[in-house]
Structure formats: C-alpha cells, structure tokens
Amino acid sequence: MLHAWGPSSLRSDIMSFTSLREVIELAEQQNITIAELMIQTEVQQKSMPREAIIEKMAEQFKVMEEAVLRGTKSAVMSRTGLTGGDGYRLHQYAQNGKSFINPVTLNAAANALAVSEVNAAMGRIVATPTAGSAGILPAVLVHALDSGKFPRERIVLSMFTASALGLVIANKASISGAAGGCQAEIGSATAMAAGTLVELAGGTPKQVGNAIGIALKNSLGLVCDPVAGLVEIPCILRNGLHAITAQAAADMALAGVVSIIPPDEVVHVMHEVGQQMPESLRETGIGGLAGTPTGKKLKEQVFGGKSSGCGPAQYQSAYEIIGPVMVGPSSSHTAGAVRIGNIARQLLNEQPLFVRFSLMGSFAETYQGHGTDLALIAGVMGMTTMDEGIPKAKSIAEENGLQYEFTKRVLGSYHPNTVLVELSGATQTVKVLASSLGGGKVEVQELNDYPLKFSGERTTLVIHHTDRKGVISELSGILYQKGLNIARMANERSKINGPAITICEIDNQIGEDLLTTLKNEIPIIDEILIIQTK
C-alpha cells in the first residue's frame, strides 16, 4: 500500500525528471507517491522548509480557483472581443439537466473554458504548464474539490504530482507550441491532469503512467494554429474538451486499461512529431485554422490588415511547471517576454530611455496577438509576470519617456520564440539575446555579443572583469567559503587579458556584502550585478 501523503526520508540526490519510468520506479521502491517525491526534491533543491513549499503551491491553487470562479459566474470577454462568455454559458447550460453527458462532468469543461477566457482577457492565471493550456489542470482539480471527495490539502499536494509529470515531458520533449505544436501544450496538460487525478484517487504509480500514455496518445499531432496569433481560437475550446479527456483517461487507467506503448515512448514520439510539423502549424498563426478564409478575416478585423509582426535548458522546479502566476494571454509570448525584458532592465542597471526589440520566428509572426509587445515593454520597465500594469505598458512607457521600436530579424538557430533586446539608458547600453522556451521559462543566449547562457530563475551573479589567470579559481573559492553552491558557471572573454564576463548561478540567496567582498578581494572586477526574475 502506498504511503500516500506523509513525510519520508529525503533522497540523497535531486531527481533529474527526464524519465517517467524513473519517477514510477522510485515511488514504488520508496512506497510513497509521486507528489511526495516532487516535494522532497523541491525541499532539497530550494533549501526551504516543507511547509513553505506546500504553502506556495496552495497560493497557486487559490489563483486557479479565482479564475474558475470569475469565468463561470460571469461572462468574461477577451481583450479583442472575438471570444468570451462560453465558460459562463456552459456552466449555466449544465444546470438545466438536458446535456448529453453528465451535467457534473460538463462543469469540468466549463471550468477550463472559464480559466482560458480569463487568460484571454489578460487576467491572472497560473501557467500549467503554459498559459495556452492553463485551463485543464485547474478545471479538473477544482471539479474534484467541488465533488466533496477530496479535501483541499490533498488537492494542493496533488499539484506536485502534476509538476513532476510535467517536468519529465518538458525535459524529454517540449511544452512549447512554437517548438512542438499544440500537442506540446494541450497534450502535455491533458497528460499531467490525467496522471494527477489517478494519484489523487489512490491509483498506483504504474496507473499514473498508463493515464499519461492514454491521454497523450489522444493528442499526438495536434497542431498549434491560433487564429490571428491570439490565444483564443481554437485554444479556449480545446482546453474545455481536453479537461474531459483528462478525466476519461484517468478513469480508464484506474479501471485497469493499460497504455501498450510505454508513456516514455509516447512522450518521445510527441517530440518527434513536433519536429516534423511545418513551421506554419507551430504557433505562427499562418496555417491550419489560422489560414482559413474566416481565420484571415478575423486577423484583419483585429489588426486592420497589418502584419503582427540550441538545446533547451532543463526544467527542474515544480514551479516551472505549475507557474508562473501571470497576467495572460501566453506563457511563452507574455510571461516569458516579461522575464526577458526584466532581465535586460536589471543588466542595464539604470532607467531605460530607448529599446529596440528584434523578433524572430513565432515571436515575430504573432507578437501583437499574444501581447508580446506589451510584455517586453513592461519587462524593461521593471514589471514582473504578475503585474496588472502589463496591458497598459505602452501608455506607461510614454509617461516614463521610454521610446521603443519593433523589427523582425533572423537571429540564428535558436528557439522560435527569440528576441534581441537592445536597451539604452543615460550612460549604459546592453544587448540581450534571449529565448522563451515555454511555460514562462527563458534562457539568455548572448549578453553583449558574448555567448553566455543563464535563465535568471536562480540568483545570478553577472561579473564584468579583466581576463586573468586564476580569477575563476579565486571567485569559486570565495563563494565556497561563504557556503554558496554554484549551480551553473560560464566565462567568456574578448581576448587574453582583455574584457571578460563570468556568470554564476547560485542555489542560495546572496546579499550586498558578498559583492563588497568580491570587489575587495578581486580588484580586477569592474562591475557585479545580481540578476533574478520573479
């Protein structure tokens, strides 16, 4: 019998979350749930108390509930006016008892529509694992809570199950529509939700795996074809239908139905299918439903006929999958764009006066519909993913004297959601080439033309210094003496004994006293910045 939700001794290492087989076997060996494995990993990785880790997830669930309630109790309209009110309509329809499927089940679909409509209205949601698929997990979990079968505490803990499953899918394949089509977003969310429901109901880890395989197989080949580049048509309706699919897949697995193709192999196939999809069907707003006569007409209606003008970093934390809490409509195009802009603002380290955004791929094709332009501007002004000022970013920029322009460019063989931010202040300039990888996760690819990668998720030291023999050893020695653990380190120089930049991502929180120590003990340091996104 699985020890469902109680504590267990911490594992000696942090899970890689690259194999569902590994997750299932570890849960079986330790006689604990997948949720418990994720909690243990998060505690070890973050060096935070268990209670704090769980409380943060409880806050995420509260945001989910609020979005469901808002969209089912009132008709929430999208920013463009193209969609809205369907969550409310379906919720009302379910009350009359005339539906083909069980009215209670229909409420799960209504929940998913509601969250997706709040997202399209640029309201607060939780990317799970992305904003485009953010309706599915909240829909089934709120539905489970409303059933009265599961206490709130169990529902919150089950979200760690979802995050563990999502981490494997993200690391083994993709959760980005621009990279893998809608199967990577809606498909991943459906699989996560199905597996989570199985564990919530007391199913075994193997049954969780079967639910993932069943759900994901049903989503293979699903293209990402947002009409006018907006996270509305067909995204909202897909969330509603796939919430029911997740519940059905969970019931199949609990009934003993087996995924003949192992879930890891299904995830691998999803990745292969995504790689074979043409670019027009991967979030560019060109092909599929977006390319129909009506789809083109709607784009013209919204935009007046104007054009909307390396291997991925590993996902490690629960909150990279259940999160971020964000203002919609897109985790890649909005939340990720805010974070990229925010990193550039921190690197500039002064009030920005002018910025040029050069966009490529999916970013370039759909940036207006997804609010990427608003998000990037908001980020360089210091806003975070939760800031309700994002929809007003352009007017706020004007008030603050920030001038901006957008262009399209081919920037190299990077993720389709890539942007070059050239930001200037009164005395400084900075160039940041960065990619939004899905689910709000970002990675800086180049800093001032130096090929330096970092995400900003951990506390990051950006050190400008002169190249000199032994400087890396001195730096790492000081960090070791301070009890700090380096998660990632990179160094680039322009020439021997010339200007250089060193990046250190640190697992721990650091203070200004460390910067003082480094400057005093390594006099060749010109500048140190602490970078971290929220």
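How many salt bridges does a search of the whole structure find? The search finds 19 salt bridges. The points below concern a predicted model.

1. Overall dimensions. The protein has 534 residues, for which a compact globule would have a radius of gyration near 24 Å; the value here is 23 Å, which agrees. The C-alpha trace spans about 75 × 60 × 40 Å along its principal axes. The secondary structure consists of 19 helices and 11 strands.

2. Burial and surface. Of the 534 residues, 58% are buried.

3. Charge. There are 43 positive and 50 negative side chains. The centres of these two sets lie 3 Å apart.

4. Glu25 and Arg21 meet through their side chains in a salt bridge, at 3.4 Å from N to O. Both belong to helix H1 (residues 20-30), and because they are 4 residues apart, about one helical turn separates them. Arg21 is exposed, with a relative accessible area of 52%, whereas Glu25 is partly exposed at 32%.

5. A salt bridge between distant parts of the chain. The side chains of Glu66 and Arg124 form a salt bridge of 4.0 Å, N to O. This pair is 58 residues apart and links helix H3 (residues 50-73), which holds Glu66, to strand E1 (residues 124-126), which holds Arg124. Glu66 is partly exposed, with a relative accessible area of 39%, and Arg124 is likewise partly exposed, at 30%.

6. Lys453 and Glu443 meet in a salt bridge of 3.9 Å, N to O, between their side chains. Glu443 lies in strand E7 (441-447) and Lys453 in the loop between that strand and strand E8 (459-466), so the pair ties together parts that are 10 residues apart in sequence. Lys453 is partly exposed, with a relative accessible area of 28%. Glu443, in contrast, has a relative accessible area of 2%; it counts as buried because this falls under 20%. Through shared partners, salt bridges join Glu443, Lys453, Arg488 and Glu505 into one network.

7. Thr41 lies in helix H2 (residues 34-46) and is buried, at 3% relative accessibility. A polar atom of the Thr41 side chain lies 2.9 Å from the backbone oxygen of Leu37.

Technical notes: Residues numbered from 1 in each chain as written. Predicted model: local features only at pLDDT ≥ 70, side-chain atom pairs only at ≥ 80, totals over all residues. Heavy atoms only, no water. Helix = DSSP H or I, 4+ residues; strand = E, 2+ residues; numbered from the N terminus. Buried < 20%, exposed > 50% of the residue type's maximum accessible area, 1.4 Å probe, protein only. Polar contact = N/O pair within 3.5 Å; in protein donor to acceptor, adjacent residues only side chain to side chain. Rg over C-alpha atoms; globule rule 2.2 N^0.38 Å. Lys, Arg positive; Asp, Glu negative; His and termini not counted. Charge placed at Lys NZ, Arg CZ, Asp CG, Glu CD.
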